[in-house]
Amino acid sequence: MTATLPELLSGGPYQSYTYGYPHKTAYRPLTRLVPLRDAWAAENRQNLFLYLHIPFCEMRCGFCNLFTVANAPVSLERAYLDALERQMEVVRDALDVATFSRLAIGGGTPTYLEAPELERVFDLLDTHFGVAGLPASVETSPATATPERLRLLAERGVSRVSIGIQSFLESEVRGVGRAQSNAEVFAALDGIRAAGLPGLNIDLIYGLAHQTPQTWLESLETALTWTPEELFLYPLYVRPLTGIGRLGRTWDDERLGRTWDDERLELYRLGRDFLLSRGYLQTSMRRFQKASLPLESEPEYTCQLDGMVGLGCGARSYTRHLHYSSEYAVGRVGVREIIQDFVEQPAERFGQITHGIHLSEDERRRRYALQSLLHISGLNLRAYQQEFASDALADFPQLATLPETDLARLQTGTLTLTPAGLEQSDALGPWLYSPTVRKLSEEYEWS
């Protein structure tokens, strides 16, 4: 049963980060294997999004719940790239005629690979998917953003580099198990700019232990030294099997009668107002871009209308009616076991989908609605009608309560969150989850 809006908001603004729906915790082993070719046969294979996952990092941060492993041996890296090559050959054949409009390489930390291995990755992508010249995004870290790697990214036409800094206060990042020095951070950011890479994104986190409004503003001010094209401001979450999750840390300050939600919301508003005053445009709860840049018509990296091909262990793929991936884990042992299974797979196994979730028409509508609503472009009711031959407000009558509480505005046929609504994104997203998906995620056995 869907909660009423007062019930929803009473749970606090930080309930669940909706970056994809359904989340991988709702995926399960499929009762019947699906041939990869069959899954894509009836899909529009033009302008697909291509994502490649590199599940390696030099360290595992205390807040991280990504599918990644720290300090993998070189032998595993090479075996992983060999498996990627086998997978690419099978996927390219199964997709037949297909074109791509974007490429993202994430992880983990793709630049954990040395420059020759990174070059091999790009060569494979060019050979099998013709990605040369596509808008391409690559994630990096302060320790791995070396001049040689950055030069290679520039030579291969990468248009956006995203670097997780989290905080420019060394004491704050140490509190979440992240060993980095500002000297290393500054060198990495200088190197990205020196390499001539056109787009820089900096990730920062608010809600860290001992973080104050003053130190948060200090991090934001320092970040603007490099005039990034984008910044993502993430609230800290304590998730199962992460470093801080195992410790059970929270940051409620009972002495001041303040909860951790109170602190994070204060810092969010402070960061939002600071960036808006410095010439940035907010496009979602987390993302801020230079206001002088063109605003893309689709939400960033949400593949709202489906059509995403994932490569590598841990990557998700989306068709209209089936979302799939390898198995999912967060704990070190579980991740290593899944990666080991991936590198040992013969080519023919990459042609079968074994793990995922079939999307009903209701789930497709929920996904479209929530991922549209959580972006500045909003939920266009006419576009929804064209896609589903249905009325969004009839399908989800609870949405009509948003304008009544000033959380959204309905203007010219588009339902758009107000600033008060945007800051509640991590509550509004889960509000639209189906009972089935909610139950699957709640029953997921973490490993």
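Mentor: In β11, L281 has Q289 as its bridge partner.
Trainee: Where do these strand names come from?
Mentor: Helices (H or I, at least four residues) and strands (E, at least two) are DSSP runs, numbered from the N terminus.
Trainee: And what should I know about the model itself?
Mentor: It is a predicted model, where local features need pLDDT of at least 70, side-chain atom pairs count only at pLDDT 80 or more, and totals for chains, interfaces and linings use all residues. Residues are numbered from 1 along each chain as its sequence is written, and side-chain values use heavy atoms, with hydrogens and water left out.
Trainee: What is the mean pLDDT of the protein chain?
Mentor: The mean is 90, and 90% of the residues reach 70 or more. pLDDT is the predictor's confidence in each residue, from 0 to 100. Over residues 241-248 the value is below 50. Over residues 297-302 the pLDDT is below 50 too.
Trainee: Back to β11. How many bridges join β10 to β11?
Mentor: Three, and the two strands run antiparallel. Strands count as paired if DSSP finds at least two bridges between them. β10 and β11 form a hairpin, with four residues between them.
Trainee: Which way do β9 and β11 run?
Mentor: Antiparallel, with three bridges joining β9 (residues 230-235) to β11 (residues 287-290). E230 stands opposite Q289 in β11.
Trainee: In what order do the strands of the open sheet with β16 come?
Mentor: The order is β16-β18-β17, with antiparallel pairing. The edge strands are β16 (379-380) and β17 (408-411), each pairing on one side only. Four bridges link β17 to β18 (residues 414-417). A408 faces L417 in β18.
Trainee: Switching to helices. At what angle do α3 and α4 pack?
Mentor: About 10°, with the axes 10 Å apart. α3 and α4 are therefore roughly parallel to each other. Angles under 35 degrees count as roughly parallel, over 145 as roughly antiparallel, 65 to 115 as roughly perpendicular and the rest as oblique. Axes are lines fitted to C-alpha atoms, for helices over the stretch in contact, and angles run from 0 to 180 degrees between N-to-C directions.
Trainee: Which residues of α3 and α4 meet?
Mentor: In α3 they include L81, M88 and L95; in α4 they include V121, L124 and F129. Contact means heavy atoms within 4.5 Å.
Trainee: What does H358 touch?
Mentor: Leaving out residues up to four places away in sequence, H358 touches L30, V34, H321 and L322. H358 sits in strand β15 (residues 352-358).
Trainee: Is H358 buried or exposed?
Mentor: Exposed, at 52% relative accessibility. Buried means under 20% relative accessible area, exposed over 50%, partly exposed in between (1.4 Å probe, protein chains only).
Trainee: What is the phi of H210?
Mentor: Near 70°, a positive value in a residue other than glycine. H210 is in the loop between β8 (199-206) and α8 (213-223). At 73% relative accessibility, H210 counts as exposed.
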